Amino acid sequence: MFKIFSYQRATRLLFWMVTAILLSFSFLAYNFLHGQMLYVYLGITILLQLYFIVLRLHDVNRGGWNVLWIVVPILGWGILLYYLSRKGQMGSNYYGEMIQ
């Protein structure tokens, strides 16, 4: 049913599409949800986004621990953005086969 969760890698297109969808739904949720429901939704969204960041890092043959660059202001964000926007490794790598 949710084949996307069985992947070990995420292409640039998949990652940025999921990011855009999550961001747009977050704006809608901010306008329509209130109180604890908003916080629950945003928490789930943040965890889902972190999952896809790790999958994207796997596609460029980087470990999931590189997501911790997000806690380093400016420099870390730039490094993470560089990794997320790089072209994925062709063929198989340490994290699995390339997805089509």
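The protein contains 3 helices and 0 strands, where helices (H or I, at least four residues) and strands (E, at least two) are DSSP runs numbered from the N terminus. The structure is a predicted model, in which local features need pLDDT of at least 70 and side-chain atom pairs count only at pLDDT 80 or more, whereas totals for chains, interfaces and linings use all residues. Residues are numbered from 1 along each chain as its sequence is written, and side-chain values use heavy atoms, with hydrogens and water left out.

Read from the N terminus, the order of elements is α-α-α, and the C-alpha atoms fill a box of roughly 45 × 40 × 20 Å along the principal axes. Of the 100 residues of the protein, 30% count as buried, a term that means under 20% relative accessible area, with exposed meaning over 50% and partly exposed the range in between (1.4 Å probe, protein chains only). Among contacts between residues at least 6 apart in sequence, 66% join residues at least 24 apart, contact being defined as heavy atoms within 4.5 Å.

Helix H1 comprises residues 12-32, and its 21 residues should span 30 Å at 1.5 Å a residue, which agrees with the 30 Å that separates its end C-alpha atoms; the expected span is 1.5 Å times one less than the number of residues. The buried residues of H1 are Leu14, Phe15, Val18, Thr19, Leu22, Ser26 and Ala29. These residues lie on the same side of H1, because they cover an arc of only 125° around the axis, the arc being that of the directions from the helix axis to the C-beta atoms. Such an arrangement can be read against the geometry of the α-helix, which has 3.6 residues a turn, so that residues three or four places apart point the same way. On the face of H1 turned away from the buried side, the exposed residues are Leu13, Phe27, Asn31 and Phe32, while the cover over the buried residues of H1 includes H2 and helix H3 (75-85).

The packing of H1 against H2 (residues 36-59) is described by an angle of about 170° and a distance of 10 Å between the axes. Axes are lines fitted to C-alpha atoms, for helices over the stretch in contact, and angles run from 0 to 180 degrees between N-to-C directions. H1 and H2 are therefore roughly antiparallel to each other, given that angles under 35 degrees count as roughly parallel, over 145 as roughly antiparallel, 65 to 115 as roughly perpendicular and the rest as oblique. To this contact H1 contributes Arg12, Leu14, Phe15, Val18, Thr19, Leu22, Phe25, Ser26, Ala29 and Tyr30, and H2 contributes Leu38, Tyr41, Leu42, Thr45, Leu48, Gln49, Phe52, Ile53 and Arg56. By class, the residues of the contact divide into 13 nonpolar, 4 polar and 2 charged, where Ala, Val, Leu, Ile, Met, Phe, Trp, Tyr, Cys and Pro count as nonpolar, Asp, Glu, Lys and Arg as charged, and the others, Gly among them, as polar.

H1 also packs against H3, with axes that come within 9 Å and cross at roughly 125°, and the two helices are therefore oblique to each other. This contact is formed by Arg12, Phe15 and Trp16 of H1 together with Leu81, Leu84 and Ser85 of H3, and it has 4 nonpolar, 1 polar and 1 charged residues. Within H3, Gly76, Leu80, Tyr83 and Leu84 are buried, and these residues fall within an arc of 95° when seen down the axis, so they line one face of the helix. Leu75 and Tyr82 are exposed on the face of H3 turned away from the buried side, and the cover over the buried residues of H3 includes H1 and H2.

In the loop between H2 and H3, asparagine 61 has a positive phi of about 65° although it is not a glycine, and is partly exposed, with a relative accessible area of 36%. Isoleucine 74, which lies in the loop between H2 and H3, likewise has a positive phi, near 60°, and counts as exposed at 66% relative accessibility. Glycine 88, in the segment after H3, counts as buried at 17% relative accessibility. Not counting residues up to four places away in sequence, glycine 88 touches Arg56, Asp59 and Val60; glycine 88 and arginine 56 are 32 residues apart in sequence and 8.1 Å apart in space, C-alpha to C-alpha.
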